[in-house]
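Biologist: Before I use the terms in a structure description, I would like to see each one set against its definition. Can we go through them in turn?

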There are 2 protein chains.
Amino acid sequence: MGRRTVFFISDQTGVTAETLGQSLLTQFEAQEFDQVTLPFLDTIDKVDQALVEIDTKAELQGVGPIIFSTLVQDHLRERFIPKKGLLIDFFDTFLPSLESELHAKSSHKSGRAHGLVDSGHYDQRIEATNFALNNDDGTRTRDYDRADIILVGVSRSGKTPTCLYLALTYGVYAANYPLSEDELDAGMLPDVLMPHLHKIYGLTIDAHRLQQIRRGRRPTGRYSTMQQVSFEVRAAEALFERHKIMFVDTTRSSIEELASTILSNTGVERRIRP
Amino acid sequence: MGRRTVFFISDQTGVTAETLGQSLLTQFEAQEFDQVTLPFLDTIDKVDQALVEIDTKAELQGVGPIIFSTLVQDHLRERFIPKKGLLIDFFDTFLPSLESELHAKSSHKSGRAHGLVDSGHYDQRIEATNFALNNDDGTRTRDYDRADIILVGVSRSGKTPTCLYLALTYGVYAANYPLSEDELDAGMLPDVLMPHLHKIYGLTIDAHRLQQIRRGRRPTGRYSTMQQVSFEVRAAEALFERHKIMFVDTTRSSIEELASTILSNTGVERRIRP
């Protein structure tokens, strides 16, 4: 008996099916799955092709697949009947109770979530992403007035990916500023940050993990020594405490978790939602 | 009667609850909702506070809220009983049928999806993000051997955000290269790209939309004239066709849709999943 296959099926991008399916599968840690995404199944022909692929796989593996579907168009959903396995149909499951609560029929039209977008919404993400790129790593500080949030921390503490995620996912304007050795020595924030103290959020990280990350980039030199790394982490945390800056430990957190923690603790508004 | 409020409730980040809720709500286009995310409800106290907030809102608005919940721990879920509204409980709905199909009990433990992560998984995203940043805008071409994909297009066609999204969401190594005026004039790709032709994917965009975007950045000058913009778009598409490069129009697509289209058409493997 082969490893069980999980299919993510959609008449759109499949992002929703993947996200929801992953959340459910992580509740079954002991099991491993092959994973296949089949997006853009927006015609009967494509649905039929997907069915052949799924049924063939089930036959070969001798075990039914798990299928997460966000097919939303009725004629596609009615057509999509795999021979074996468990079909989890997100829209079919929840739309009826929502229709009843909202006293409205759902559109059952594709191309809504993650699909065609108005350009204003698109602009928000692109502009926020450009802002994150232009205000990365303290290279520019004159636009801090426009920032929703400014992440501060030592080199390689996770500032850049968190800023980019905040921009792409939520349209939030996030800048970041790396603490220099002088600033860490003095335990003081630079003048350029002081008017924006209310927007500053600190990132910290376990020293051993930081050393491991830095060594991956620069194997030799003081930058990656345990002495240097420990000093920087301790000094950064002391600085956050002195300035009463909220901070979060990035060591064991995913980027999603960091972004969600920061938004939740600061009250910064999402301009868009996933 | 006030606008109905939608709550996204989670003992983790709330990302899954938001994704589920957004997908379903987009099926009811005519309605508008206030949206509130309450993440990290991981103690009975926090659940009780959330209940007060939700019940108070329902009382004030005179209409029941819609609540999307991904509470996974049993004692929290049992505690979470709002007085009014529709509760859509994601795990409660799907875990029983998955347990039965997989012949296994789910862990009912929090901190899985988007939560605690092994560092290898984290590294993939960070490394892919660094790769996208270092190989943005044609500034470096010597690492193209390591690229999974190289996006090519005119300035402001959407290359950078798409690369960053591919990196952050899927751990895919995506570089991008802007076509210069000389290359567009000659209708030829530069030598540096030729060994990587199989990895190249083109982006194009409607000329009017491109002009609008460029004007937002540089209101005057040739860069934003309709003549220049039209020439570049036509020349880029001709170049894609000459070299038999697949390309996608970014004008009306979300970043999710672009990323999903590119992965689907190229067969590039996701290193991680959302």
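What follows is a dialogue on how the terms apply to this structure.

Modeller: This is a predicted model, where local features need pLDDT of at least 70, side-chain atom pairs count only at pLDDT 80 or more, and totals for chains, interfaces and linings use all residues. Residues are numbered from 1 along each chain as its sequence is written, and chains are lettered from A and ligands numbered from 1 in the order in which they are written.

Biologist: How do you know how many helices and strands there are in chain A?

Modeller: They are DSSP runs, numbered from the N terminus: H or I over at least four residues for helices, E over at least two for strands. Chain A has ten helices and eight strands.

Biologist: What radius of gyration does chain A have, and what would a compact globule of 274 residues have?

Modeller: The radius is taken over C-alpha atoms, and the globule rule is 2.2 Å times the number of residues to the power 0.38. For 274 residues the rule gives a value near 19 Å, whereas chain A has 24 Å. Along the principal axes, the C-alpha atoms of chain A fill a box of roughly 70 × 45 × 30 Å.

Biologist: What makes a residue buried or exposed?

Modeller: The count of other C-beta atoms within 10 Å of its own decides: 20 or more is buried, 12 or fewer is exposed, and in between is partly exposed, with C-beta atoms placed from the backbone. In chain A, 45% of the 274 residues are buried.

Biologist: What makes strand S7 of chain A mostly covered?

Modeller: Five of the five residues of S7(A), which spans 200-204, are buried. A:Ile200, A:Gly202 and A:Thr204 are on one side, A:Tyr201 and A:Leu203 on the other, and both faces are covered. In a regular strand the side chains alternate between the two faces of the sheet.

Biologist: How do you know which strands pair with S7(A)?

Modeller: Two strands pair if DSSP finds at least two bridges between them. Strand S5 (residues 149-153) of chain A and S7(A) have three bridges in the parallel sense, with A:Leu151 and A:Tyr201 as bridge partners. S7(A) and strand S8 (residues 247-249) of chain A also pair in the parallel sense over three bridges, and there A:Leu203 has A:Val248 as its bridge partner.

Biologist: Why is one side of S2 and of S4 in chain A left without a neighbour in the sheet?

Modeller: The open sheet has the order S2-S1-S3-S4 in chain A, with parallel pairing. Strands S2 (34-38) and S4 (86-89) of chain A are at the edges and have a single partner strand each, so one side of each lacks a neighbour in the sheet. From one strand to the next, the twist averages 15°. Angles run from 0 to 180 degrees between N-to-C directions, and axes are lines fitted to C-alpha atoms, for helices over the stretch in contact.

Biologist: How many residues does the contact take from each chain?

Modeller: Residues are in contact if their C-beta atoms, placed from the backbone, lie within 7 Å. The contact takes 57 residues from chain B and 57 residues from chain A. H1(B) gives the most to the side of chain B that touches chain A, with eight residues.

How values were computed:
Contact = placed C-beta atoms within 7 Å.
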